[in-house]
Amino acid sequence: MDEAKQDVLFNHCAATVRSLLPALLQLESEAALLQPVPLVEREWFELLRQKLIPQLGEQAFLVVAVVGGTNIGKSVIFNHLAGSCASATSPLASGTKHATCLVPEGFNAQHDLQSVFPDFELHEWSDASLALEESDTHRLFWRVAKELPPSLLVLDTPDIDSDARVNWVRADAVRRSADVLIAVLTQQKYNDAAVKEFFRKAGDEDKAVLVIFNQCLLPEDEPYWPIWLETFCRETHISPDAVYITPNDRRAAEDLRLPFFERRIPGTNSEDTPPAPDNTPRDLAADLAKLRFREIRMRTLLGSLHELTHPQRGIPAYLRELRLASEDLGRTATRLTTDSVVQVRNWPSPANSILVAEIRQWWHAHQEGWARAINSAYNTVGSGLLWPIRAARRALQGEPVPLMEGYRSREWLAVLGVVEELFDKLQWMADSGNEIIRPRIEAVLQGAARSQLLTLLKQKHDALDFEDELTLIVDQEMQNLQKTKPDLFGMYRQLNNVSAVVRPMTSVVLFSIGFGPAGEMVAPFLGHAAASAVVHVFADVAGGATAAIAGEAAVSSAAGSGAGMLQAWFHRLHSAFTARRASWLTNLVHGELLGALPEELNAAAGLTKSDAFIEVQKSVSKLEGLL
Amino acid sequence: MSLTPELQQLAILAEIDELVLRVRRWLNDVPAWGPARKARSLVSKILDRVHSLRIRLESPLVVATFGGTGTGKSTLVNALIGQEASESGRQRPTTTMPILLVHPDIETTALGLDLSQFHVKKIDAPMLRDLIIIDCPDPDTSEAAESGSNLARLRSILPHCDVLLYVSTQQKYRSARIAEELSDAASGCRLVFVQTHAEQDSDVREDWRQSLAPEYQVPDMFFVDSRRAFAEQAQRPSGDFGRLLELLTNQLGASRRVAIRRANLMDLLEEALTVCRTDYDSELPEIQKLQEVLDQQRTKLRDTLTNQLRDELLVNQNLWERRLLSAVTNIWGFSPFSAVLRLYNGLGAFIASFSFFRARSSAQMALIGAVQGARWLKSRVEEQEAESSLERLASFGITDQQLQESRMVVSGYVHSAGIDSEEFSDRRDMHQLRRRAATVESQFLGDARRGIDELIEQLAERNCSAMTRYRYEILLLLYLVFLIGRIGHNFFWSSFLAPIVGKADHAEPLLTIDFYIPALIFLMMWSAMLVLSYTWRLRRGLSAEIHKLAQTMVETRILEGLFPSVDHVCQGVIDDDHRLSELLERTSRFRRELAEGVGFLGGQRR
């Protein structure tokens, strides 16, 4: 690939990569509920931020960083490169806390150093000891070095393995920006886990690596360094561009005259006898200047791009992870939102007598002409006659509990049953379900939340006017009957009219056989069987108040086809009422108990369809296509 | 008189036994609470080690090297025993299989170590007479503790070591990985700190000590050149290496090994207990919250019961009257007025037994009292078998709804508190809850009955003073005397004696029924008036007394709530918490004592 083509390619990539960042941030904020590992803790994202965005499309310079474990002479080697004591050295470990950067002359005129190192706070170098100071911010001390080859930034970094972990973060940031790493190793540390981990990442990013084995015992270590190198390369997947060894000579190190001996990297073919070690010291800075800048630059940029689009470590893995989490959440969300969570069973029906009374009222309001006049006259007379009996009963048995109040308490019991079952089910879902949802559900299931919900439900339940509810249902169903079954309705109307005609007679008869005033007294004591045998449902229409009391039993006995139909219709009325009440509860529970959770879950579950997700997906496949 | 060293040893041993016994007792008494169980399983593992330690209390100390790769662990070991026993090298890592260096005279099987994990070398070196040395693999070349890695091997050895020889260098003394590993390894171990590579590195002991200081006690540090020491072993060792050698051979010898082991043991025990303590501390607030809720539920229940009781007591005035009257007549014994009262009371009871005012509720029964209620109770018990307890409860204002609400709320708290309670395993069963509520109710009523009895006695006593009594007696007697005088006068005098003695002209006729009927009516009226005035007197201030009674009922604590087993567990947890604190305190004190005895060695701070 010629250079012009490469530049075009990189410029394309640069545009795509820049558009990727806002899309990713947007995606992350949308995916918050899924609680993925934050982007900043992902290697590829940091690479995107610290390497690709600042440097892609910028092929003019090379970043060289001296890296390695604590107290193995990084700063010493850096000073050799700088040609002066630019970074302070100390016999104590993890001395260097901040990065120091050597900048070639004229660099600042053409480039913005801050954009190359976005995470660092830049300071102009004034004293070598500055890098030893502790501070919370990541600092980078820069200094113009005339002796450096142009287009070469050389950095000294904090360590990668000491107990000061902030040093690791800084070293990682420098590593990502770098193109060439000068890996300082010693016989004690070349196989340390922390060192291996650090350089494995560098290897994945395809950095150019120069290995320096520092503090060697020469010539005793001469046979060992190939073994060290072999282990290091095997563990980190790095193929170094050059290898140097330096003797353990503290004085020489302090005087900046440490000799660097270059060693040939042993080839794979073992028959190749190693040449005699060449013991002429090399000038490290000069060797750096001879590096093929452009080639290395291309290589590391490509390496970072490959990491970005790596199927297991890059954005595709991130998207996959989000998709899986979102699907998992989606399943739970479906389970939560379906009605199966709130299951209404054993809902009580209001007593038939209440329904009958309600229907009677409705009927009364809707009957016409003389039938209305007669019936209301008789009802007035009837209730007048029955007054003493009612009064006596009140005196004996106390004020009767309003029938709807009885229903209210039974319904509350049913509500409690439903809610308790719901709690059990949620508990089960919390125990067996998605980790993300668990804390949300557990929060709902805590004792305080439970009692709050119960108090609220109780309040709403107590505030309900059941009479209204019932009137509404009866009206609706009667209208319905009038519309759908005009024959039946007409028949009842006729009956009503007939009954109005015979009302004087039936009243006398019923009164004389005891079902006027006596019915009031007897019905409650007789129980259903006895009452229903005598008092037929039509007596309700005919007999006025009497049957209102006996109604319950009368309706439930299927006597005659007319009554059978009536019974079926009553069932319908019951179920209409129950359904209305149940949906009241379901809505309330959904609103109060689960709150916005189902909506949030659905949003998170639909993440893969969001714009940000698609945008990221598109950019990645575009990058993949370009590479 | 000071104890002989031997006796001192025995005293310490006895104290350890005592402590272990306490810990064991604590172990066996587990409340049904998650953290408590976790704590038990942790501490019981430590106790197992205590057991194995006791077995080998007298066997030589196990000294193990610990430190990063390339810090010269093997070289140091070789220098210490004066032989090329452990291979040292320039490749990393050199030592992968731990090497167990032991004197031929020492029985290796008695050490309690899995010897298949070691490369055992029997070496006749003077150093090894009193010590066993393990040269360990490094903790810092493995990125994860997979099985077969150096880290995994190291971790399996460390629990068996008594003293760690922590070896480091200028390059490695601040290594994060080693520091992490050490903080795990150092619990239950004494530490000796050695900086090696003196031939080429600078002395960083001060900085090292400072970095260790927050976590470890560092009494001494050695800066040695193992290679030279090995080469010059013919000469008498000098400098830091000499001091190190001296420490290992003399201080870790037979006399100190028991002390060191004990100190280690207490370290371990204290650490385990501290872990439990932290765990408890973080979980206890939930238990306290649960207790509060249970208390609230109890209070609510008691308030419901009290209110109901008060209302019923207030409306059942006639029952009060009967109780009070019978109490008064019991005190007075037989006298005319008390006979009248008895008659009135008996009549009232007779009428009441036919009326609707039979005791229908438990409160009324409490009011009727034990003696009067006995007969009623008998029939009631039979009835109760058939009658669901629900109705009885409902009559007392405790509904199924309330019970269910309580259960739901409490079960939420129970779950957050991590208590396993069987009461909440079978949710659908209201039966048991009702039974519990009935128990609470009967307990409450028992208290109520006692209160009522006392109140009645009090009221009765207040109203049966001699003054009051004789006032009524005399008032009644006045009429009776008048009546008897009148009848006697007529019977003896005017109709009989007067004519005979000639005081009258003729015998007056005997009094007829016309006289007796009004006399009787007036007697009845007079008695009724007296009785009424007396009962009015009795009733005076009754309402206030009932309110007072209700107030005292509110103040008395219901012992058992609806969820006695949860109550029980909570109480158990609180007790357990106290016991843990006590154990920990005792262990800490003892550990400090023991640690002072081995202060020449390093150890983890706490």
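1. A word on burial before we start: a residue counts as buried if 20 or more other C-beta atoms lie within 10 Å of its own, as exposed if 12 or fewer do, and as partly exposed in between, with the C-beta atoms placed from the backbone. By that rule 38% of the 606 residues of chain B are buried. In chain A, buried residues make up 38% of 627.

2. Please keep in mind that this is a predicted model, in which local features need pLDDT of at least 70 and side-chain atom pairs count only at pLDDT 80 or more, while totals for chains, interfaces and linings use all residues. Residues are numbered from 1 along each chain as its sequence is written, and chains are lettered from A and ligands numbered from 1 in the order in which they are written.

3. On confidence, pLDDT is the predictor's own score for each residue, from 0 to 100. Chain A averages 79, and 83% of its residues score at least 70. The stretch to treat with care is 514-561 of chain A, where pLDDT stays under 50 and the model has 89 contacts beyond four places in sequence. Two residues are in contact here if their C-beta atoms, placed from the backbone, lie within 7 Å. Where pLDDT is low, the predicted coordinates should not be read in detail.

4. Now the overall make-up. Helices (H or I, at least four residues) and strands (E, at least two) are DSSP runs, numbered from the N terminus. Chain A has 25 helices and ten strands, and chain B has 20 helices and nine strands. Among contacts between residues at least 6 apart in sequence, 78% in chain A join residues at least 24 apart; for chain B the figure is 79%.

5. Some pairings in detail. Strand 6 (residues 180-185) and strand 7 (residues 208-216) of chain A run parallel over six bridges, and L181(A) stands opposite V209(A) in strand 7 of chain A. Strand 8 (residues 242-247) and strand 9 (residues 260-263) of chain A are antiparallel, joined by three bridges, with V243(A) opposite R263(A). Strand 9 also pairs antiparallel with strand 10 of chain A through two bridges, and there F261(A) faces P281(A).

6. Helix 1 (residues 3-30) and helix 2 (residues 43-55) of chain A pack at about 145 degrees, their axes 11 Å apart. Helix 1 of chain A contributes V17(A), R18(A), L20(A), L21(A) and L24(A), and helix 2 of chain A contributes F45(A), L48(A), L52(A) and I53(A).

7. Finally, the interface: 42 residues of chain A are in contact with 38 residues of chain B. On the chain A side, helix 7 (193-204), helix 15 (403-432) and helix 17 (447-463) each supply at least two residues. Helix 15 of chain A gives the largest share, nine residues.

Note on methods
Two strands pair if DSSP finds at least two bridges between them. Axes are lines fitted to C-alpha atoms, for helices over the stretch in contact, and angles run from 0 to 180 degrees between N-to-C directions.
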